[in-house]
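This report describes how the parts of a two-chain model meet one another. Please examine the sequence and the structure shown here before reading on.

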Amino acid sequence: MTLNSKSLAVILFVVLFGGIALSAALGWWQTESSKVAATYTEGEFAGQANPADIRGSYTFGDVEKNFGIPAALLAQAFNIQTDDPDAFATKELETIYAESTLEVGTASVRLFVAFYNGLPFDLSTEIYLPQSAADILHTRTLTPEQLAYLDAHIVPDPAAPAVDSAPITESTPEAEATERLVKGKTTFQEVLDWGVPQSVIEQILGAPMPNPLTTVKDFCTAQGLSFETVKAQLQAEVDKVK
Amino acid sequence: MKFFGKRLFRPHSIWIRKLVQWFFFLLIAFIAVNHTLVESGAGIPFLSSASLHALCPFGGVVTIYQFATVGTFVQKIHESSFVLMIIGFALAFLFGPVFCGWVCPLGTVQEWMAKLGKKLFKRRYNHFVPARLDQVLRYARYLVLAWVVYVTATSGTLIFADYDPYYALFNFWTSEVAVGGLIILGATLVLSLFVERPWCKYACPYGAVLGLTNLFRIFKIKRAASTCKADGACSILCPMNIPVDTQNAVRDHQCISCLECTSEAVCPVAKTVIFTAGAVK
């Protein structure tokens, strides 16, 4: 069997785009991470979306889809002036609140969502919310413990940061390399590369370290550990060896 | 092929391949621009805004180790890269590295630069590198492949993205591209004025993977010795400098299945250099 160039071109298109179409029909064609939060695996809230799984790449629109809190309300809570709150990526909060001495970021959104929806959340780490978010949460039903935590973890609102449109949602590789921040997508290998010994990591985990290519967040989710707690402890170790 | 009476492509060339190359170059370029537009709140309707990582079959190759050991993909790599990798391999098993010769936009850009190089240097073009040195350098891309697979497997991150000229080509306007990628892209374009497809020949790790299929692909470039005039036209025009006129079947690991050596293009004798799965006389 002999092929000429025209036949080869046709076959190329059919195989390439046919393969893509077939994979899409089978649900395999994914060009971005699925923005579906993991669910609680046990207890009263089993099966419900867990705010602890909100990632920096989630937009307010993704949070709305997962937790039913309007993106506009989230923008109001975090004092974000934008025409398109759906497209605002939670990781951008760190940049917007960079002037604040206390960090407001993705963890703050997790906390806000948990309190707003009355969902269980690990309060053993220090997570801060802007005054505007606290004002909204004060209108919700909170337990005394949650109220006390909230009132002790408020930072002043910044001067109404304006976001004309959705900001760039990916930080530069150079910035990520120098920041050395433990985030949702940080792998154990990166923590090792930053100088934290495996023994210290295992001490924090209270278990043997998995394959180094596993992300800290995936491991915590699988093991039922609080990512916020592990993250804070690992970050402290990373900061020590800087 | 003519347009308003003017010839669009060089005579005796595979014009449809040029059209296919243009198509994929424009498709990837528009998607890359759309990715930037979507991040800034705009975007072109009905056009994918996927990241280049998601549309790169080599991303599937470098994530195989992590997928096999951890069950996850390397950061920024998604299922689509895996799908494209499988499609790329299927095409390569049948036809050799057609992805390199027909689809890859970086290969296309190098060919565009080659046109300028051919005008500047005429017959000397693509013959600057001493043959013995060239033979050794051709294996450098396997070293690049080994390095990329190793650093990706041990770090779980796409370190190669910082050096990848393909990524730099379609992201030079963003802050995501690293200086290393821009330098290598610039060097590739400049070298393309002297050597045809320098990145493909000496450094491309994906080309290294696909090139191996030349050893056992189903459809091969074959030469009918009985009708061959041995004028060397096929070898002279081969962008990868493969001595087609001395082989009965091209199994060279560098062949990109561009078909420019065949009787459909440069070979003056009909049915003498053909792309076939059968035997030739």
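## Interface of chain A and chain B

Between chain A and chain B, seven residue pairs are in polar contact, both residues being at pLDDT 80 or more. A polar contact is a pair of N or O atoms within 3.5 Å; within protein, one must be able to donate a hydrogen and the other to accept it, and residues adjacent in sequence count only if both atoms are side-chain atoms.

Chain A contributes 40 residues to the contact and chain B contributes 52 residues, where contact means heavy atoms within 4.5 Å. The two chains bury about 3700 Å² between them, with 67% of it on carbon and sulfur atoms. Buried area is the accessible area (1.4 Å probe) that two parts lose on being put together, summed over both.

## Basis of the values

The model is predicted: local features need pLDDT of at least 70, side-chain atom pairs count only at pLDDT 80 or more, and totals for chains, interfaces and linings use all residues. Residues are numbered from 1 along each chain as its sequence is written, chains are lettered from A and ligands numbered from 1 in the order in which they are written, and side-chain values use heavy atoms, with hydrogens and water left out.

## Domains of chain A

Chain A is divided into domain 1 (51-163) and domain 2 (173-240), with bounds that come from an automatic or database domain assignment. The C-alpha centres of these two domains of chain A lie 23 Å apart. Twelve residues from domain 1 of chain A and nine residues from domain 2 of chain A take part in the contact.

Domain 1 and domain 2 of chain A bury about 750 Å² between them, 43% of it on carbon and sulfur atoms. On the side of domain 1 of chain A, R55(A), R110(A) and T125(A) supply 45% of the area buried against domain 2 of chain A, more than any other three residues. One salt bridge is counted between these domains of chain A. The side chains of K217(A) and D53(A) form a salt bridge, at 3.7 Å from N to O.

## Domains of chain B

In chain B, the division is into domain 1 (10-214) and domain 2 (219-281), and 25 Å separate their centres, taken over C-alpha atoms. The contact involves 26 residues from domain 1 of chain B and 22 residues from domain 2 of chain B. About 2000 Å² is buried between the two domains of chain B, of which carbon and sulfur atoms give 48%. Within domain 1 of chain B, I14(B), F95(B) and N214(B) lose the most area to domain 2 of chain B, together 29% of what that side buries.

Polar terms also occur between domain 1 and domain 2 of chain B: the count is two salt bridges, and the rule finds 18 residue pairs in polar contact, both at pLDDT 80 or more. E260(B) and R17(B) form a salt bridge, their closest N and O atoms being 3.2 Å apart.

## Nonpolar cores

A nonpolar core is a set of buried Ala, Val, Leu, Ile, Met, Phe, Trp, Tyr and Cys residues joined through side-chain atoms within 4.5 Å; buried means under 20% relative accessible area (1.4 Å probe, protein chains only). The largest has 80 residues, of which F58(B), F95(B), W102(B), F170(B), I221(B), V244(B) and F275(B) touch the most other members. Domain 1 (10-214) and domain 2 (219-281) of chain B both give residues to this core, so it lies between them. Apart from it lies another core, of 43 residues, including A37(A), V104(A), A133(A) and L150(A).

Definitions and conventions:
Salt bridge = Lys/Arg side-chain N within 4 Å of Asp/Glu carboxyl O. Buried < 20%, exposed > 50% of the residue type's maximum accessible area, 1.4 Å probe, protein only.
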